[in-house]
Amino acid sequence: MNIIENPSLKEWKNLCERNIPDDAEIGKSVIDIISNVKAYGDSAVLHYARKFDGFTGKSFAVTPEEIDRAVAEVSDDVKEAIRIAAENISAFHKAQLPPTVEVETTPGVKCMQKAVPIRRVGLYIPGGHAPLFSTVLMLAIPAKTAGCKEIILCTPENDNHGIAPEILFAARFCGIDKIYRIGGAQSIAAMGLGTRSIPKVDKIFGPGNRFVTKAKQEISRFTAIDMPAGPSEVMVLADDSADPSFVAADMLSQAEHGPDSQAIAVCTSLEIGENIKTEVDRLSALLPRRDSIEGSLSHSRIIILPHRKDIIAFANEYAPEHLIISMHEPWELADEIYAAGSVFIGNYSPESAGDYASGTNHTLPTSGWAHSFSGVNIDSFMHKITYQQLTPDGLKLLSPVITSMAKAEGLDAHALAVEVRNK
């Protein structure tokens with residue numbers, strides 16, 4: 001992991017680049033998978049589940065009896081942790097429910113806007129060696145809070161290991177009973193297009209590997225997705241008030257997600273940067289997942305920018321998924337941040353808190369998309385409909401405006417629709 005001192009402005013663009021190779025073979029493979037699922041439905045999904053995940057079963061649906069057995073395997077302390085995390089996530093997302101807007105714009109002209117839940121949503125939960133049962137909470141709880149009528153969940157299963165019991169427990173805890181044992185691009189295609197076994201959803205949520213990410217981008221031609229996403233990332237802003245071991249641990253918590261993840265520290269002095277690097281080396285030697293951590297650290301970096309205004313500007317240029325501010329007067333600095341997925345204030349606000357239990361959502365924009373996308377929130381599971389009602393007097397008041405504008409645009413039938421009502 002390199003330390004870069006006082007990079008010039010022209011170097012910033014390269015320093016903000018992510019390690020996301022443009023793999024044409026992945027794109028071609030994903031397009032083929034989607035095309036075959038569209039043409040052959042369940043049989044194509046089964047073929048790819050066997051090919052990529054080693055799936056040996058015949059039915060995609062997880063039965064209630066299987067969930068019962070899984071629930072019994074989850075330890076009491078994990079169940080209690082899930083319960084507490086769910087309470088916090090629920091409290092924060094309930095507070096986001098939007099009010100109905102009602103305005104009389106002109107006497108006799110009433111306009112309304114009301115948020116309504118998306119009817120059917122699909123949740124993708126990664127499995128493998130790090131089954132993200134916390135993501136079940138982050139997606140299912142706001143979906144339930146928003147009032148989505150149908151929620152389906154897809155997560156991979158293979159011959160070496162079944163679905164993690166914690167995923168099934170979290171799903172049942174959140175009231176989800178439609179669970180399918182498929183993963184990868186084939187599950188995204190199934191949810192986006194619909195098959196005999198798996199219903200087509202109106203929007204797909206959830207993180208995944210490069211195949212899943214590419215599949216979500218491609219399937220967005222047929223159904224909505226939560227956001228563009230890529231490998232996980234963190235940026236820590238640190239001055240002499242920061243504890244180097246805290247910063248190092250935060251960087252490593254992202255590095256262990258996978259070799260494509262990225263961790264950036266922006267420091268006010270070389271001494272702080274060197275102390276952080278020393279702690280990264282010391283702490284990383286104590287951790288498993290060596291391949292993931294070493295791969296991530298190879299394209300992570302420590303940047304030295306002595307001036308606060310430059311640190312703010314660089315953070316906004318990078319637009320991190322997670323931004324930790326370990327500096328004096330952190331809230332003042334946070335007020336100047338306009339591009340970040342989620343911001344963690346002060347030395348005792350680790351990114352791990354947001355990943356699991358503080359209450360904010362951990363499904364966030366990566367790869368610079370925080371310039372324009374929000375993380376998952378209650379609005380992600382709703383869409384807004386506008387309404388208007390005009391009384392006869394209200395229409396008469398607006399008639400000259402409507403007919404004048406319609407005729408100026410050459411749309412005489414628009415004007416006629418008003419004029420016939422005023423006779």
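Visitor: Which residues does T135 touch, not counting residues up to four places away in sequence?
Guide: The model is predicted. T135 lies in helix α6, which covers residues 133–146. With sequence neighbours up to four places away left out, the residues that T135 touches are I125, P207 and H362.

Visitor: Is T135 buried or exposed?
Guide: The relative accessibility of T135 is 1%. Buried means under 20% relative accessible area. T135 therefore counts as buried.

Visitor: What is the length of the polar contact that joins the side chains of T135 and H362?
Guide: H362 is among the residues that T135 touches. The side chains of T135 and H362 are also joined by a polar contact, and its length is 2.8 Å.

Visitor: Which residues is S134 in contact with, leaving aside its neighbours within four places in sequence?
Guide: S134 lies in helix α6. With a relative accessibility of 8%, S134 counts as buried. Once neighbours within four places in sequence are set aside, the contacts of S134 are D355, Y356 and H362.

Visitor: How are the axes of α6 and α7 oriented, roughly parallel or roughly antiparallel?
Guide: Two packed helices are described by the angle between their axes and the distance between the axes. The axes of α6 and helix α7 (residues 165–173) come within 8 Å and cross at roughly 20°. Angles under 35 degrees count as roughly parallel. The two helices, α6 and α7, are therefore roughly parallel.

Visitor: Which residues of α6 and α7 make the contact?
Guide: The crossing in which α6 passes α7 is right-handed. On the α7 side, the contact is made by E166, I167, A170 and A171, and on the α6 side by F133, V136 and L137.

Visitor: How many salt bridges does the count come to?
Guide: Side chains of opposite charge can pair when their charged atoms come close. A salt bridge requires a side-chain nitrogen of Lys or Arg within 4 Å of a carboxyl oxygen of Asp or Glu. By this rule the count is 19.

Visitor: R18 forms a salt bridge with E233; how many residues apart in sequence are the parts that the pair ties together?
Guide: The closest N and O atoms of R18 and E233 are 2.8 Å apart. R18 lies in the loop between α1 (9–15) and α2 (24–40), whereas E233 belongs to strand β9 (residues 233–238), so the parts tied together by this pair have a sequence separation of 215 residues.

Visitor: Are R18 and E233 buried or exposed?
Guide: The salt bridge of R18 has E233 as its partner. As for accessibility, both R18 and E233 are buried.

Visitor: What separates K28 and D32 in helix α2?
Guide: K28 and D32 form a salt bridge, with 3.3 Å between the closest N and O atoms. D32 is partly exposed, at 34% relative accessibility. Because K28 and D32 are four residues apart in helix α2, what separates them is about one helical turn.

Visitor: What is the relative accessible area of E87?
Guide: E87 meets R83 in a salt bridge of 2.6 Å, N to O. The pair lies in helix α5 (residues 76–94), four residues apart and so separated by about one helical turn. R83 is partly exposed at 30%. E87 is likewise partly exposed, and its relative accessible area is 47%.

Visitor: Which residues are linked with E66 in a network of salt bridges?
Guide: The salt bridges are 19 in count. In the network that includes E66, the linked residues are E157 and R181.

Methods. Residues are numbered from 1 along each chain as its sequence is written. This is a predicted model: local features need pLDDT of at least 70, side-chain atom pairs count only at pLDDT 80 or more; totals for chains, interfaces and linings use all residues. Side-chain values use heavy atoms; hydrogens and water are left out. Buried means under 20% relative accessible area, exposed over 50%, partly exposed in between (1.4 Å probe, protein chains only). A polar contact is a pair of N or O atoms within 3.5 Å; within protein, one must be able to donate a hydrogen and the other to accept it, and residues adjacent in sequence count only if both atoms are side-chain atoms. Contact means heavy atoms within 4.5 Å. Axes are lines fitted to C-alpha atoms, for helices over the stretch in contact, and angles run from 0 to 180 degrees between N-to-C directions. Angles under 35 degrees count as roughly parallel, over 145 as roughly antiparallel, 65 to 115 as roughly perpendicular and the rest as oblique. A crossing is left-handed if the near helix is turned anticlockwise from the far one by less than a right angle, and right-handed if clockwise.
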